[in-house]
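This report describes the chain as a whole, one of its sheets, and a set of its salt bridges.

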Amino acid sequence: MLKTEIIEKIKKLKQEKNAVLLAHYYQRSEVQDIADFLGDSLQLSQEAAKTKADIIVFAGVHFMAETAKILSPDKKVLIPDLNAGCSLSDSCKAEDLKRFKEQYPEHTVISYVNTTAEVKALTDICCTSSNALKIVDSLPKNEKIIFGPDRNLGNYIKSLTGRENMLIWNGACHVHEAFSVENIINLKKQYPQAKVLAHPECKEPVLMLADYIGSTAALLAFSATDNTQTYIVATESGIIHQMQQKSPKKEFIPVASSNALDSNVDDSCGACSSCEFMKLISLEKIYDSLLNEQFEVNIDEDIRKKAKKSIVKMLELSL
């Protein structure tokens with residue numbers, strides 16, 4: 001089936017079934033282009049919850065679809081590929097967090113939104129990469145905190161706040177972990193006028209080389225408004241499609257990753273930093289998922305309610 005044909009079929013099915021398609025910034029470019037809502041994971045779930053759609057198709061990874069279900073329990077949530085997981089989410093199992101909490105019962109648990117519903121249910125306050133600093137700063141200076149699962153984001157926030165009472169979970173995103181200082185230094189030599197943009201999930205030595213550190217959405221916004229013409233981008237390469245859309249005259253150079261995929265997996269990227277889980281979603285899988293309403297995401301209601309509390313608490317503190 002031709003790309004134009006399958007896109008038309010997806011559009012027709014969305015209309016017939018009153019469905020919305022959400023796509024994360026790290027998705028393939030052709031998936032981003034047909035999305036009803038495009039953005040970071042929590043933002044997408046919030047937007048979908050506002051709609052009157054009956055079906056949400058989430059082009060992202062599994063924890064994102066779970067978050068959509070947490071906020072929209074009455075909607076049917078579909079993920080086009082059940083294998084679209086997340087190395088960061090996998091690095092913090094609910095049973096492990098439960099045991100850890102039992103060792104430190106006096107600690108407040110702050111969990112990155114990149115976690116399962118079960119982990120969110122064990123969490124006091126969720127956070128995103130954009131509001132993590134605000135969430136931590138909202139708590140008294142003497143409050144003891146467990147922050148997880150991303151050690152790089154946790155240590156970055158710890159360095160900004162100067163808090164010594166933060167226990168950092170030892171998890172990480174395999175894509176952001178793979179960026180090397182050597183690769184960035186070499187790119188800086190090739191492009192001396194370029195600014196380095198980095199996500200806080202990157203390791204500290206990489207962040208030390210960055211001219212700007214921020215969430216995916218923040219990096220996109222910065223590149224669109226900053227006067228520099230060339231950027232070295234240390235985050236998942238899918239965002240470069242949107243950066244180029246918003247700033248067609250600027251140049252964006254992805255930092256090579258040891259986890260880079262074969263160039264035939266993502267035609268917009270080549271051998272750069274790509275998440276194989278994100279790139280599992282294709283137009284064909286979106287069509288099949290919507291046509292057959294397959295791979296529905298369901299959550300135990302007790303877990304869903306507890307998980308929602310941690311998200312609502314975050315939203316309250318983020319105002």
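In this predicted model, buried residues make up 55% of the 319 residues in the protein chain. The accessible surface of the chain comes to about 13,900 Å², and carbon and sulfur atoms hold 48% of that area.

The chain has 16 helices and 12 strands. Its radius of gyration is 19 Å, close to the 20 Å given by the globule rule for 319 residues, so the chain is as compact as a globular protein of that length. Along the principal axes, the C-alpha atoms fill a box of roughly 60 × 55 × 30 Å. Among contacts with a separation of 6 or more, 62% are between residues 24 or more positions apart.

**Sheet**

An open sheet is formed by 4 strands in the order β10-β9-β11-β12, with parallel pairing. The edges are β10 (212-213) and β12 (251-254); each has a single partner strand, so one side of each is left without a neighbour in the sheet. Strand β9 (residues 195-198) pairs with strand β11 (residues 230-234) in the parallel sense over 4 bridges. Leu197 has Val233 in β11 as its bridge partner.

Two helices pack on this sheet. Helix α13 (residues 216-225) touches β9, β10, β11 and β12, and its direction makes about 160° with that of β9. Helix α14 (residues 239-246) touches β9, β11 and β12, its direction making about 170° with that of β12.

**Salt bridges**

The structure holds 14 salt bridges.

| Pair | N to O distance |
|---|---|
| Lys76 and Glu293 | 2.7 Å |
| Lys98 and Glu102 | 3.0 Å |
| Asp302 and Lys306 | 3.3 Å |

Lys76 is partly exposed at a relative accessible area of 25%, and Glu293 is partly exposed at 28%.

Lys98 and Glu102 are 4 residues apart in helix α6 (residues 94-103), a separation of about one helical turn. Lys98 is partly exposed, at 45% relative accessible area, whereas Glu102 counts as exposed at 51%.

In helix α16, Asp302 and Lys306 are also 4 residues apart, again about one helical turn. Asp302 is partly exposed at 44% relative accessibility, and Lys306 is partly exposed at 40%. Elsewhere, salt bridges with shared partners join Lys17, Lys76 and Glu293 into one network.

Note on methods:
Residues numbered from 1 in each chain as written. Predicted model: local features only at pLDDT ≥ 70, side-chain atom pairs only at ≥ 80, totals over all residues. Heavy atoms only, no water. Pairing = 2+ DSSP bridges. Contact = heavy atoms within 4.5 Å. Axes fitted to C-alpha atoms, helices over the stretch in contact; angles between N-to-C directions. Rg over C-alpha atoms; globule rule 2.2 N^0.38 Å. Buried < 20%, exposed > 50% of the residue type's maximum accessible area, 1.4 Å probe, protein only. Areas by Shrake-Rupley, 256 points an atom, 1.4 Å probe, with all protein chains shown as cover. Salt bridge = Lys/Arg side-chain N within 4 Å of Asp/Glu carboxyl O.
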